[in-house]
Amino acid sequence: MAKRITGADRVIMGRFTAQWPDGRCVLVYAKHGSMAVVASVAVPGASAAEGSLWEVAGRHCPGSTANEADTYGRWLLCAGWSMSVMPPAGGLVVSGEPWSVDVLKTAVLKEPAYGSDGVYVGRMAFGNAEVLERVGALLR
């Protein structure tokens, strides 16, 4: 069973191309202690983008990397963190709304990057149906 973390910290979300040309998901970025959270959100009624975010990182990083966790983790951390400095057009920011993440991968970095010691990668869910409806609108 996947590790589950919870929080109610600020979450930044935007559309993300997970599979070219039309496999989209909602990418989320949040902080959880000294770690970052980069996850996708399952949107009811929308077709899920194929593959995991870890696989997306693998398609964008060198094929023979000595430390997959550090390389993929940094790539995903950069993708998520960049939304915090330049929020995506039409994106969504929520604060104080309870969320949970089923962590599929954890990458503790050799050296901190973007203000984090590493990244939890997985699937985020919100308890509030109104927030989930607003998230779903990002893909419509």
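Contact here means heavy atoms within 4.5 Å. The structure is a predicted model, in which local features need pLDDT of at least 70 and side-chain atom pairs count only at pLDDT 80 or more, while totals for chains, interfaces and linings use all residues. Residues are numbered from 1 along each chain as its sequence is written, and side-chain values use heavy atoms, with hydrogens and water left out.

Several residues of H2 are buried, among them Asp 70, Tyr 72, Leu 76, Leu 77 and Met 83; buried means under 20% relative accessible area, exposed over 50%, and partly exposed in between (1.4 Å probe, protein chains only). The buried residues of H2 pack against S2, S3, S4, H1, S6 and S7.

Next comes the interior. A nonpolar core is a set of buried Ala, Val, Leu, Ile, Met, Phe, Trp, Tyr and Cys residues joined through side-chain atoms within 4.5 Å. The largest one holds 23 residues, of which Phe 16, Leu 27, Tyr 29, Val 38, Leu 53 and Leu 76 touch the most other members. H2 provides the largest share of this core, 5 residues. A second, separate core has 22 residues, including Val 26, Trp 99, Val 101 and Phe 126. Leu 27 has contacts that include Ile 12, Phe 16, Val 38, Leu 53, Ala 79 and Met 83.

Ser 116, found in strand S7, is buried, with a relative accessible area of 0%. Its side chain joins that of Lys 31 through a polar contact of 2.8 Å, that is, a pair of N or O atoms within 3.5 Å; within protein, one must be able to donate a hydrogen and the other to accept it, and residues adjacent in sequence count only if both atoms are side-chain atoms.

Finally, the whole structure contains 2 aromatic pairs. Rings of Phe, Tyr and Trp (its six-membered ring) pair if their centres lie within 6.5 Å; planes under 30 degrees apart count as stacked, over 60 as edge-to-face and the rest as tilted. Trp 81 and Tyr 114 form a tilted pair, with 4.7 Å centre to centre and 35° between the planes.

Notes. Helices (H or I, at least four residues) and strands (E, at least two) are DSSP runs, numbered from the N terminus. Lists of a residue's contacts leave out its neighbours within four places in sequence.
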